[in-house]
Amino acid sequence: MGKKKVLLLAPDSFGLYKLIAENLAYLGYDVVHIQDRGYPFSYGTFGQRVLNVVRKLIFRDKSYKGKLQNKLNRKKQLEGIEAYERFDFSLVLRADFFDKDTIALIRQKTDFMLSFHFDGIGRDPIILDYVSYFDRFYVFDESDVKEFPNFHFRYSPNFYFDFPFKFDDLRPLERNNIYYVSTFHESRVEYLSFIYHFLKSRFDSVKFIVVYNKHKYGLIPDDVKNNMELTTDVISFQEQLRHVSSSDLIIDLVISEHNGYSFRILEGLRFAKKVITTNVSVRNADFYHPNNYFIIESATDSAMVGFNEFLEQPYFQPSSDILKKYSFTNWLNTKLNIDEN
């Protein structure tokens, strides 16, 4: 019997999809990936190139090329899906990054359609229009299950990757006590500056990298510009994991619109690392232990009382059942009703 064929539909998101595809392949699946964008673009005709110049120079309209790119992306997506007669199952992450007609075509070609939304539903409620296409729709913020009862969401936290990592192929590692990467978000700013300076006064090497959209540069506070590394470049998820795995602590700063467990929270389990987090809901998790997670509830010195004692306590090793529960293998198998035992 051949490998089961799985269609993975996922946005780029720092190359997260590459690690998901690798973990699926490690589990023995034949993976077909369809991305939301990034297909090589070229003008179809000379007339399109001229029209784009005219629109920009005369009408101050810079949207034409983007519309052509979106049209090409959709064409490539449909071609990629139509190249296969059938999929055993489809795993769709952030369905709202794709056109509904693309989702509808997948529905026709798959036996089981699974969605995982690793963002708060309230951040962009357009995702509610996609729910009916799926056999099961999972959200990573448990509060969304209660807030939208008519959509019958299922709760699922994130996971950590459990395939063997291959970091040797990458360039030599710059070792930091603390390594943190995040996209710029206004709701993180207060904690971002506070925690950076707090850690900088206690560790030799603290590296905070803030990835930003060039249109938001003016919103970034001077303190962040002067003390942290700013970039518009994508830092791959694999590169981030390589640094996180060698750091002394993991940092997790949630944004205001959701309370789901981030990948960083669960990477604490994967790499047996202590985590500093602003996500107070971690205290209710079955994997929580005060030796492993230091929860910050305000950007004030009083919130850091007990931090030195936290560092001195040995890491508490979770049970094998807890470690298994949050692995990608178990995350997927429970959704597909696969019993490993």
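Trainee: How many salt bridges does a search of the whole structure find?
Mentor: This is a predicted model, and searching all of it turns up 14 salt bridges. The criterion is a side-chain nitrogen of Lys or Arg within 4 Å of a carboxyl oxygen of Asp or Glu.

Trainee: Which residue forms a salt bridge with Asp-30?
Mentor: The partner is Lys-5, and the closest N and O atoms are 2.5 Å apart. Asp-30 sits in strand β2 and Lys-5 in strand β1, so this pair ties together parts that are 25 residues apart in sequence.

Trainee: Is Lys-5 buried or exposed?
Mentor: Lys-5 counts as buried, at 19% relative accessibility. Asp-30, in contrast, is partly exposed at 31%.

Trainee: What about the helices? Which parts does the bridge between Asp-101 and Arg-74 tie together?
Mentor: In that bridge the closest N and O atoms are 2.3 Å apart. Asp-101 belongs to helix α4 (residues 100–109) and Arg-74 to helix α3 (residues 64–82), so the contact ties together parts 27 residues apart in sequence. Both residues are partly exposed, Asp-101 at 35% and Arg-74 at 32%. There is also a network of salt bridges here, linking Arg-74, Asp-99 and Asp-101.

Trainee: Where do Glu-79 and Lys-75 lie?
Mentor: Both are in helix α3, four residues apart, which is about one turn of the helix. Glu-79 is partly exposed at 37%, and Lys-75 is partly exposed at 44%.

Trainee: Let's turn to pockets. What shows where empty space is left?
Mentor: The idea is to roll a probe the size of a water molecule over the atoms. In this model, the largest pocket holds about 1500 Å³ of space. Its lining has 45 residues, with Ser-13, Phe-14, Arg-123, Thr-183 and Arg-188 nearest the centre.

Trainee: Which element supplies the largest share of that pocket's lining?
Mentor: Strand β7 does, with four residues. Other elements giving at least two residues each include α8, β10 and α9. By type, the lining divides into 18 nonpolar, 14 polar and 13 charged residues.

Trainee: What volume does the second largest pocket have?
Mentor: About 250 Å³. It is lined by 15 residues, and among those nearest its centre are Glu-142, Tyr-155 and Ser-281. Helix α5 gives the most to this lining, three residues. The lining comprises six nonpolar, five polar and four charged residues.

Methods. Residues numbered from 1 in each chain as written. Predicted model: local features only at pLDDT ≥ 70, side-chain atom pairs only at ≥ 80, totals over all residues. Heavy atoms only, no water. 1 Å grid on protein atoms, 1.4 Å probe; cavity = no way out; pocket = protein on both sides within 12 Å on 5 of 7 lines; lining within 4 Å. Points joined across faces, edges and corners; volume = space filled by probe spheres on them. Nonpolar A, V, L, I, M, F, W, Y, C, P; charged D, E, K, R; others polar. Buried < 20%, exposed > 50% of the residue type's maximum accessible area, 1.4 Å probe, protein only.
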